[in-house]
Structures are given as structure tokens and as C-alpha cells.
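Trainee: I would like to learn how to read a model of this kind, feature by feature. Please give the general idea, then the case at hand.

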Amino acid sequence: MPGTPAPQPFAWLRPSDPDKKAPAAGRTVLAAVLAGLLTSWLLIDGLGVNLLLCAAFTAAGAGIAARAAGRRLRVWTVVWSAMALALLAVPALYEAGRPVLLSTVLALGLASLALHGGRRWSGVLLALPGVLWQLVPALVWARASLRARGGNSRARVVPVLKGVVVAAVLLAVFGALFASADAAMADVLGSLVPSLDFGRLPARVALFVLGLATALGFAHIAAGPRRWDRTRVRPGRARGRTEWALPLVALNLMFGAFAVVQGVVVLGGGESVLERTGMSRSEYARQGFWQLLVVTVLALVVVAVAKRWAPRGTGTDRRLARLLLVALCLLTLVVVASALGRMRFYVDASGLTTLRLWVLAVELWLGVVFLLLVAAGLTPSAGWLPRAVVLSAALAAAGYGLIGPDALVAEHNVARFERTGQIDLRNVRGLSPDAVPALDRLPGDYRTCALNVVAADLAQDGPTPWYATSLAGARARDILADRPAADRLSDGKSACDRVGLRPGRTFGG
């Protein structure tokens with residue numbers, strides 16, 4: 001219509017625009033270039049301590065940009081940075097894929113949150129992936145800043161780059177001479193210097209661009225972050241008291257009935273219930289864990305939705321909303337406890353697996369979230385809740401990664417074998433090298449069957465540079481070098497055949 005202003009699809013971003021944006025200093029760009037070079041040089045062989053080395057240069061560039069912008073170090077910046085550092089230590093310690101991936105992704109999110117800051121839900125949740133949409137703008141920002149500085153930047157950066165090139169040439173020449181003169185020196189240099197395989201050049205270029213863009217992205221945030229706390233989030237339309245409260249009352253009654261039944265069964269007075277289900281007490285305890293996990297997640301969704309549309313017109317409305325939501329959270333804690341108890345029986349009967357350990361960790365974290373929600377409902381102000389929930393997630397992920405899930409699964413199953421003579425080799429044959437020290441304690445064919453998969457994988461991968469090898473991976477290679485797990489056929493049977501490996505069976509000695 002004439003006179004109607006044109007729609008602005010990204011108008012919701014305007015309130016969060018940075019107050020100011022410091023230009024990119026030459027040292028910031030240099031640190032980002034070095035981070036890109038290290039990424040292309042070190043990360044192509046895998047993850048290990050190399051991730052910490054690349055992160056150090058990325059953090060240096062962000063620190064230089066923050067100092068140029070006049071930003072001060074705050075307590076929560078230190079907290080998030082320390083948690084990110086703890087998460088990045090996981091790839092240096094263990095090889096298992098799930099915890100390494102989880103730790104790396106969450107460390108990037110926490111680093112973004114550390115630079116953005118944030119207290120409200122919008123500020124915290126939008127800051128976590130904030131670095132992703134800074135990658136391209138950061139390249140433009142660095143280029144524009146360098147062009148504006150002109151010859152002054154070139155006068156600072158070019159000598160450093162020339163010095164790096166000259167140093168590389170000198171190290172290459174004298175390193176080659178020392179390596180040819182002394183075999184021990186050649187072995188040391190061979191472990192420090194990556195092989196130059198030109199067939200991997202496209203992958204190295206892609207890693208360089210990724211490392212450069214990531215480092216510049218964090219520096220771009222540090223130079224002037226978006227203030228996501230300013231983002232306008234419209235509250236949900238408050239519903240009528242009856243319309244809102246009736247479903248929650250019904251749900252609370254359902255959860256209360258479940259809590260009563262669980263109490264009766266646990267206290268030993270539920271024989272009639274067990275007779276009607278046709279299950280033994282242990283079968284009843286193991287049954288339904290996955291359904292209870294879904295119930296926990298859905299209850300969290302219900303609490304979030306109900307909080308958004310809760311009646312808030314009067315003090316009575318607000319007290320009613322708080323009472324019903326706190327009651328639902330407390331009753332959900334009973335569901336969490338029941339699910340954890342069932343998983344314990346499940347593990348006692350069938351052994352521990354990485355999937356069972358993962359969902360157990362998730363269920364424990366959900367229980368912590370509900371405790372935080374109860375605490376928020378009982379306190380006058382809940383402004384601390386968003387950061388507390390993210391901090392609990394970071395602590396849970398760091399704890400999960402640093403305990404070594406694959407090593408813990410192997411230790412549990414081996415200890416169970418030593419205690420009962422029973423082990424389900426399907427639970428341990430697909431584990432990472434983290435599990436090798438525990439599986440090495442199994443006797444004879446059990447050990448060979450449990451280790452032959454990981455031994456074959458390590459042999460196929462070949463030698464790995466020190467910077468791409470975790471502590472657990474190095475330990476596993478040493479163990480298998482001392483005691484190989486080669487499968488020797490006897491009467492046409494492998495070690496797994498001799499211990500009776502069959503689908504659906506548990507193997508006992």
C-alpha cells in the first residue's frame with residue numbers, strides 16, 4: 001500500500017547491534033593467519049593436542065582484538081573460557097568419537113558465549129552459535145581494516161611474514177642436514193614435522209581457510225560483540241486461569257499417581273501390581289527406561305511452554321503458576337529417579353554400553369535442570385537460571401568426556417567378567433582405543449576377540465604424529481605392540497568362534 005514502510009526481515013537484529021566495532025589490528029590478522037597455518041598443518045592427521053595449539057593462537061587473536069576495543073575481563077568470561085579449555089582437553093586424552101565431537105562443538109559455543117556475554121535466555125542461547133554467522137563478516141572486516149590502514153599495516157605485517165619464510169627455509173635446510181647426519185635426530189624431526197603430501201593439498205587449503213575464518217570470527221566478536229540480551233522477545237499471550245491450570249493439574253495428578261506406584265513397588269508392597277503385570281521385580285525395574293526418558297524431555301517442554309503462556313495478571317495468578325510448575329518439576333524428579341534405577345538394573349543384567357552410558361548422563365543432566373527449575377521457582381528472581389543451565393550442560397559434557405566413556409564401559413564389563421565369568425563381547429568389540437588397557441586384562445581368546453577390531457583399525461591407520469595422538473591412543477598402541485591381538489585360526493575357527501560369539505548371546509567362561 002502507498003505510504004506503507006517496506007518490510008525489514010532482519011529488523012529484529014537491530015537492537016543487538018554492537019555499540020562500536022574496533023578495526024582489525026595487524027597483530028590480530030597475523031595471529032589468525034598463524035592459526036590457519038597451524039590448522040592446515042596439524043589437524044589434517046586427526047585431533048589431539050593440536051586442537052589446543054590452534055585454540056591458543058585463536059584466543060591470542062581474540063585477546064588482541066578485545067584489548068584494542070577497550071574491553072575488560074569479566075568473571076563469566078573467565079568461567080566460560082575455563083570450561084572451553086577443559087572441553088578441548090578431551091581430544092588430547094581420549095579417542096572415542098562421541099565425547100570428542102561433543103566436547104569440540106560445545107567448546108566453540110562456550111568460547112563464543114565468553115566473548116558475547118549474556119544473561120537472559122535470548123542472550124545466552126543466541127550467543128552459543130554466534131561465531132557461525134561471524135565467519136564471512138570477519139573476513140570482510142579484516143580486509144577493510146587492513147586496506148584502511150594501508151602502508152602502516154603492511155609495514156608491520158610484511159616483515160613478520162618475511163621473517164617466518166626465512167626461518168622456515170633455514171630450518172628446512174639445516175634440519176635436512178642434521179637428519180642425514182644423525183639417525184636419532186632424523187627420528188625426532190620426523191615425529192615433529194608433518195609429511196608433505198601434495199595429494200592432500202586441497203584438504204590443507206580448506207583447513208587453512210576454516211582456521212583463518214574461525215580465528216577472525218572470534219576476533220570479530222571480541223572487537224565489538226552483538227548484545228543478544230537486547231533482542232526483543234515477545235512474551236506469550238497470557239491464558240485464562242482455568243484454561244491454563246486445568247491441563248497442568250491433570251498432568252500433575254498423572255505424575256503423582258506414577259510416583260505413588262513407584263513408591264509402593266520400591267517399598268515392597270506392590271506384589272499385586274507385579275502379579276498383574278506378569279513380571280518379576282527386576283524385569284519390572286528394567287522395563288520402560290526409554291519411555292521414561294521421553295517423559296522427562298516432554299515434561300521439560302511442557303514446563304517451558306506453560307511458563308510462556310502462564311497467567312500473570314494478578315499476584316494470585318503468579319502464585320498459582322509457580323505452585324503448579326514447581327509441583328510438576330518435583331514430580332518429574334521422581335520420573336528421573338525411576339529411570340535411573342531402571343537403568344541400573346538394566347546394566348546389572350546386560351552390561352554397560354556406550355549408548356546406555358550416554359543416555360544415563362543425559363538423564364542425570366535433565367535431573368539437574370529440573371532441580372535448577374525448582375530452585376528458580378522458589379526464589380524471587382530467576383535471572384541466574386539461563387547461565388546456570390548452560391553451565392550445568394558444560395560441566396556435564398566435560399565430566400562425560402574426561403571420564404573416558406569407552407574406557408569406563410570396558411572397565412565395567414571386564415570387572416563384571418572377573419566377578420561373574422559373564423561378558424557380552426558385543427558391548428566392547430566396537431570400542432575405541434581408550435578401552436584397550438581394560439580389555440587387555442581378559443584371558444586368551446576373550447582378549448583376542450575383544451581387541452582384534454581396534455587392533456586392525458590401528459594397524460590400518462598406521463603411525464600417527466604426536467600432535468594428532470591422544471594419551472589413550474598412544475597407550476593402546478604400546479600395549480598392542482607388546483602383546484599383539486592377532487587372531488590365530490584353529491580348526492578353521494577364530495577366537496570369537498571359540499568363545500561362542502553368536503548374535504543375541506552372552507558369553508561366559
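Predicted model: local features only at pLDDT ≥ 70, side-chain atom pairs only at ≥ 80, totals over all residues.

Mentor: Residues are numbered from 1 along each chain as its sequence is written, and side-chain values use heavy atoms, with hydrogens and water left out.

Trainee: How many helices and strands does the protein chain have?

Mentor: Helices (H or I, at least four residues) and strands (E, at least two) are DSSP runs, numbered from the N terminus. The protein chain has 22 helices and two strands.

Trainee: What percentage of the residues count as buried?

Mentor: Buried means under 20% relative accessible area, exposed over 50%, and partly exposed in between, with a 1.4 Å probe and protein chains only. Of the 509 residues in the protein chain, 41% are buried. The areas come from the Shrake-Rupley method with a 1.4 Å probe; for residues, only the protein chains shown count as cover. The accessible surface of the protein chain is about 27000 Å², and carbon and sulfur atoms hold 67% of that.

Trainee: What share of the contacts in the protein chain joins residues 24 or more positions apart?

Mentor: Contact means heavy atoms within 4.5 Å. Among contacts in the protein chain with a separation of 6 or more, 78% are between residues 24 or more positions apart.

Trainee: At what angle do the axes of H5 and H17 cross?

Mentor: Axes are lines fitted to C-alpha atoms, for helices over the stretch in contact, and angles run from 0 to 180 degrees between N-to-C directions. Helix H5 (residues 97–116) and helix H17 (residues 385–402) have axes that come within 10 Å and cross at roughly 145 degrees. Residues making the contact include Leu 102, Leu 106 and Leu 110 of H5 and Ala 393, Ala 397 and Tyr 400 of H17. For residue classes, Ala, Val, Leu, Ile, Met, Phe, Trp, Tyr, Cys and Pro count as nonpolar, Asp, Glu, Lys and Arg as charged, and the others, Gly among them, as polar. The contact of H5 with H17 has ten nonpolar residues, two polar and one charged.

Trainee: Which residues form a disulfide?

Mentor: A disulfide is a pair of cysteine sulfur atoms within 2.5 Å. The whole structure has one disulfide. Cys 449 and Cys 496 form it, with sulfur atoms 2.0 Å apart. Their link is right-handed, with 100 degrees about the S-S bond. Cys 449 lies in helix H20 (residues 444–461) and Cys 496 in helix H22 (residues 495–498), so the link ties together parts 47 residues apart in sequence.

Trainee: Is Cys 449 buried or exposed?

Mentor: Cys 449 is buried, at 0% relative accessible area. Cys 496 is also buried, at 7%.

Trainee: Where is Pro 463 found?

Mentor: Pro 463 sits in the loop between H20 and helix H21 (471–482). Pro 463 is exposed because its relative accessible area is 82%. Its C-alpha is 9.3 Å from that of Arg 477, a residue 14 positions away in sequence.

Trainee: Which residues is Ile 403 in contact with, leaving aside neighbours within four places in sequence?

Mentor: Ile 403 touches Tyr 94 and Leu 408, those neighbours aside. Ile 403 belongs to the loop between H17 and helix H18 (405–420), and is partly exposed with a relative accessible area of 44%. Tyr 94 is 309 residues away along the chain, yet the C-alpha atoms of Ile 403 and Tyr 94 are 9.3 Å apart.
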